[in-house]
2 protein chains.
Amino acid sequence: MIRPALLTLSLALGTAQPAQAAAEPAPATVSVAQPAPLFEEEIARSAAFLDQMMAQGVVVPVPTDPGGGYTHEQHKRNYRAIYLGGQLFKLTGEQKYADYVRDMLLSYAKLYPTLGDHPAKANQNSGRLFWQVLNDAVWLVNSVQGYEAIRGTLVAAQRKQIDDQVFRRAARFLSVDSANTFRRIHNHATWAAAGVGMTGYVLGDKNLVNIALNGLEKDGKTGFLRQTELLFSPDGYYTEGPYYQRYALMPFMVFADSIERNDPSRKIFEHRDGILLKALLTTVQLTYNGHFLPFNDALKDKSLRTEELYQGVAIAYAKTRDPSLLSVAEWQGRTVPTDAGLLLARDLAAGKAIPFDFTSKLLGDGPNGNLGAVALLRTGSGFTGQTLVTKNSSQGMGHGHFDKLSWQYYDNGREIVTDYGAARFLNIEAKQGGRYLPENESWAKQTVAHNTLVVDEMSDFGGDAKLADTLAPQQLYYSATPGEQVSSAIMRGAFEGVTFTRTMALLDVDGLSQPLVVDVMRVNSDTPHTYDLPLHYMGQIMRVGFDLTSNVTTRPVLGSANGYQHIWVDAKGAPTDSATAHLTWLLGDRFYTARWVPQAGSETILAESGANDPEFNLRREPMVIQRVNSSGSTVFASVLEAHGRYDGAAEQTTASDSQIKTIRIEQIDGSDVLVVETISGSRTAFAISYDADPATRHSAKIDGTALNWTGFAKKIDIPGRGSSHE
Amino acid sequence: MIRPALLTLSLALGTAQPAQAAAEPAPATVSVAQPAPLFEEEIARSAAFLDQMMAQGVVVPVPTDPGGGYTHEQHKRNYRAIYLGGQLFKLTGEQKYADYVRDMLLSYAKLYPTLGDHPAKANQNSGRLFWQVLNDAVWLVNSVQGYEAIRGTLVAAQRKQIDDQVFRRAARFLSVDSANTFRRIHNHATWAAAGVGMTGYVLGDKNLVNIALNGLEKDGKTGFLRQTELLFSPDGYYTEGPYYQRYALMPFMVFADSIERNDPSRKIFEHRDGILLKALLTTVQLTYNGHFLPFNDALKDKSLRTEELYQGVAIAYAKTRDPSLLSVAEWQGRTVPTDAGLLLARDLAAGKAIPFDFTSKLLGDGPNGNLGAVALLRTGSGFTGQTLVTKNSSQGMGHGHFDKLSWQYYDNGREIVTDYGAARFLNIEAKQGGRYLPENESWAKQTVAHNTLVVDEMSDFGGDAKLADTLAPQQLYYSATPGEQVSSAIMRGAFEGVTFTRTMALLDVDGLSQPLVVDVMRVNSDTPHTYDLPLHYMGQIMRVGFDLTSNVTTRPVLGSANGYQHIWVDAKGAPTDSATAHLTWLLGDRFYTARWVPQAGSETILAESGANDPEFNLRREPMVIQRVNSSGSTVFASVLEAHGRYDGAAEQTTASDSQIKTIRIEQIDGSDVLVVETISGSRTAFAISYDADPATRHSAKIDGTALNWTGFAKKIDIPGRGSSHE
């Protein structure tokens, strides 16, 4: 339907409206015949939505309902219609879209002046159209973009009415009248700043632009520019984690795009060493198989296929022409109905895409990048290579989890060593109205729900979020050297009197078909403690290497608080050496074996989440816990090995059992040396000096062989013994 | 590498070797330029495999190992190399392939005469090359096809040596020397017949062909032709179920293809009303989203992407040119390196595919089609529509499950109401060497592991497989009328003194967005019993409509035998009306609500599989069980409703709660009338007279309104009450 008109008009667009790309080389290769199927689908989808909306007429109800209710959803549909209607008018020139947007906004012009606090407000941050001021800001960001596209078609009286009664009022409400929110250094304030600033550009109101950029006091201590400096680390990491980074990014990118178009001399995309584009690329890096790494309160079904990233990728592509962003758009299968979306879709269709370089990265946390870090260790490439994530970042505010020095592992397109994410079923009425569930506090945030140290069955910082925000881990070392990637960090203060240092590596090991994950956690304390080290994984157990006492007819719970009340105990065992201390599981077509060095007197617990959950709010997922009652200090030494293949179609299975014979850990002169011996007899050491000086020489004797290395950590092949017997 | 040569030679193939399609119209549109990417990939894959094999030279070890062991796997690789080497020689004319196949077979000619019973034989059915005679038959079926392709290139002495020392000996071993197997009416005998018969054609030995077709006694009481008559029902259903049907089909199709080429006047594909092609189409029908319905001992990862079906689909396409088979091949993404595969790949690339018509079907079981049936009730189309499966078939021999009148339900591309399938991890050494696990007997086969009636915590026939084979359900009624599809069956004798009749329907109901599954099970007995009706489902519980007593800190087991020992009890409740007797879960982006009419004094058990499983051999899957202590007869009335949408990307959720207000069941003059009332107030009755006469009139009064219908079952909209209040 829309396609013929579109093809004609997209030519006009390619020539008449190049404002956006003013500072860029002209898109010389653009021609009317150039296909852009992704864009055309977007336009068709938008037109279908507008048809549906227009069929219902202009419906602008008096706000009454909270999130999810009728008036809430209707005002959301309306801002979407205003935004898309404006874009469609711009692209097709069809007057019906301009008329619909105009009528909608005239209706808002009547409603808006009558509004006070929303009747369903839950706290001080009431909106006007919505129960929360944040939603009002989102409404403004979308609507002002639609208005911009049709404002020039209006007769003066109508334009004035909409300017004054809708947008000036909304901008005033979000800034002066909601000063507490507007002054924050927080993504809610970014949404408000974006709405206010973009309104300023559209109405030609420099004061609005100024307060949006520099804060109500115009001193630059708050406002959009300050937010770009404080909300992202120098590496473009957002402290709440990728799930919220995705959300926070949207107003940054959209407002920056507007600033660039209206005020190119400001060079907003170069501000702070190009932080906004860096943040966009970092957001993409923080995905696996397209899904955001589930740090903190994250919903695990959230992927790059989300509106925020359609906008972000298109804007970033228009600005940078980075062809690897085209492959992201290809994975998304969507774009946006804007000039940037058209450009992207055309270049994608022209075959310009190259693979996005998902790569190893160290991402510092905090405004100065020194509040811990997230280290990504990757092998392979593309969306489904191996990704070891060590989360050594800071707490990340209220949505943060008590998971200091936790890790996650992804392989073969799947989650292998997992993070629970948030306990929430978004917008599902039966699940506490779709809000965070009680189990988000009692399970998902607790330390034991993560792959990291638990001391005395307590969570980090005693579960005190305020305290947690004051102390970050320290990244000690990072190396992305192919074949021996390493990340090491230390955490002090999460548990009183206990310090723990965790060194993780992704090593190519002779005799193994896949890179090996190595995990050495050194725990130091002067007093006795019970230490638990859980490993949460996905898959079906194939083999347990040691004897178990199983709870097969009644299943007890592991503990009573701090998440332990949610753990069913399947079985316990007490392996005494690493030849037997292992667990093999199958996920997809690959096998995984976790193996560890059992400390004297330690025990192993095989368990599952889901106890004390009468509402069935939790997913039931397996875990294995190493537990040791220690007189103070101890070392947990573990490896995770991917091996073999299960091919159900061909009915062939290879290497379903671990290819490792033993591992051991030796502490020599302050260094930790982990030795892996494969069943084929090869021996590989991973030596950690904990000495950041790259030049200092270290040595340790293993089985009579002297190992020498320099620097913090090193993989060393140990020569054969001359005989494979022992 | 292989591609240039291939393109030249595929022309030769299109003209010089049309023997296969002799009875078909010439492939007039075939030309050298016609692309066939699926076929080219197959050739490349085969060539890569042959390269690898040839690099290792001819390796024909003396048989020593059982299944999975080295010599076992090597002889499997060898027959694959002989088969593919022959095909590659035929296609490319490259002598190296013929030489390799020749050398391999000469090596077998030395080995074969030296062989007696396999040293690892497990029972009387020892093979020569393999531990089981079945594997020897598969070896012969494959190898003789490779030999056929190169036999003409051999010098006489070598040909004689291979003829006599390999193929004549193998054919004799599989027929005369293994007469017990050869005489069976069983798929093992089909493999043997195929190998012997195809050898007869290749060697020009009419006697071998004759005994293959008509049995050792040549009287037609056994042999291939008799097998086609007895192993499939007239509807092409194989009594062991689709997982084994897939496997059994291979020798049928391959041998039939050979018969057709060598003896077209026999019209093998028309034999018994075209049973072989019918069986192929039925096999495809018995899939959902490409995966075989997991009847009986089935591995659930088995899909159309399997060698047997690549062969079957290609042969059937070459014979019928049914364009819907091309879409099956497209889903498979594979074909075979034969003339049939080339034809299929060309026509697929030429865009001739039309969607395969997955449709509602009644498939009778047994040689005469009267030993029960499988009824498929479908809506939507393609691979992912709604599919309600009522399994009213017979036991299906030793791999059969005690699941009389069970059902399964598929929707939105997923399993919703599930069947456990087999408890087995094929070829995984750690899991009992990859054999069926003990839990296959103790759980997977038991009645309570299925969605059907359990009496007094016992399985059908007391778990006696021999007895089970003597009594089949009786299909009472089937209708594929759009909007009101119905299947009804009765089972007598599965439980002493208890008869049960189950009527299931897939109904379009006013006020519901998706077709509704209706389930009315009438149980008749003169003596008191405890009846359990389990529903095994996939998904996360969103809402339970009634109060529960939950086992949140210790989890007990439901029973002690017949599968009950494997059931953990999460919670129990005792809803008293259908307004509260419901359970809503989420799977993928859709919600499902099971709702039922609680009988007086009944209780409901929410549970999970996985108790008494110290080896972690079971998957842990949820179930809900309706339990009633009855004085004798009772009726279970239930519905399953798909509703709403969860869109994580757009963060929008619609209709997450059931759209049904109540259901009720009334027994009136021998009829059962189920009434569904939606929350929008519409009422729909489903009336079952149990009277197969389509003309007889029936009536029942519901809320003062007379419902009239003819025939076995009917959906009836009940007019409004004039007021929606009550």
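How many salt bridges does the rule find across the interface of domain 1 of chain A and domain 2 of chain A? Keep that question in mind as you open the viewer.

This is a predicted model, where local features need pLDDT of at least 70, side-chain atom pairs count only at pLDDT 80 or more, and totals for chains, interfaces and linings use all residues. Residues are numbered from 1 along each chain as its sequence is written, chains are lettered from A and ligands numbered from 1 in the order in which they are written, and side-chain values use heavy atoms, leaving out hydrogens and water.

**Stop 1: two domains**

Colour residues 235–357 of chain A as domain 1 and residues 361–718 as domain 2; these bounds come from an automatic or database domain assignment. Taken over C-alpha atoms, the two centres are 31 Å apart. Domain 1 of chain A brings 24 residues to the contact and domain 2 of chain A brings 42, where contact means heavy atoms within 4.5 Å.

The size of an interface is often given as the accessible area lost when the parts come together. Between domain 1 and domain 2 of chain A about 2,800 Å² is buried, with carbon and sulfur atoms giving 55% of it. (Buried area is the accessible area, found with a 1.4 Å probe, that two parts lose on being put together, summed over both.) Now select A:Tyr288, A:Asn296 and A:Asp297: they supply 26% of the area that domain 1 of chain A buries against domain 2 of chain A, more than any other three residues.

And the opening question? The rule finds 1 salt bridge across this interface. A salt bridge is a side-chain nitrogen of Lys or Arg within 4 Å of a carboxyl oxygen of Asp or Glu.

**Stop 2: a helix residue**

Next, click on A:Thr283 in helix α12, residues 271–285 of chain A. (Helices are DSSP runs of H or I with at least four residues, strands are runs of E with at least two, and both are numbered from the N terminus.) A:Thr283 is buried, because its relative accessibility is 0%. Buried means under 20% relative accessible area, exposed over 50%, and partly exposed in between, with a 1.4 Å probe and protein chains only. Leaving out residues up to four places away in sequence, A:Thr283 touches A:Gln245, A:Arg246, A:Leu249, A:Phe292 and A:Leu309.

**Stop 3: rings face to face**

Over all chains, the count is 40 aromatic pairs. Rings of Phe, Tyr and Trp (its six-membered ring) pair if their centres lie within 6.5 Å; planes under 30 degrees apart count as stacked, over 60 as edge-to-face and the rest as tilted. Show A:Tyr477 and A:Phe712, a stacked pair with 4.7 Å centre to centre and 5° between the planes. This pair links distant parts of the chain, 235 residues apart: A:Tyr477 is in strand β9, and A:Phe712 is in the loop between β29 and β30. Which of the two is buried? A:Phe712 is, at 2% relative accessibility, whereas A:Tyr477 is partly exposed at 23%.

**Stop 4: salt bridges in chain B**

There are 92 salt bridges over all chains. Select B:Arg555 and B:Glu608, whose closest N and O atoms are 2.9 Å apart. B:Arg555 lies in strand β16 and B:Glu608 in strand β20, so the pair ties together parts that are 53 residues apart in sequence. Both B:Arg555 and B:Glu608 are buried.

Finish back in chain A, where salt bridges that share partners join A:Lys160, A:Asp164, A:Arg168 and A:Asp205 into one network.
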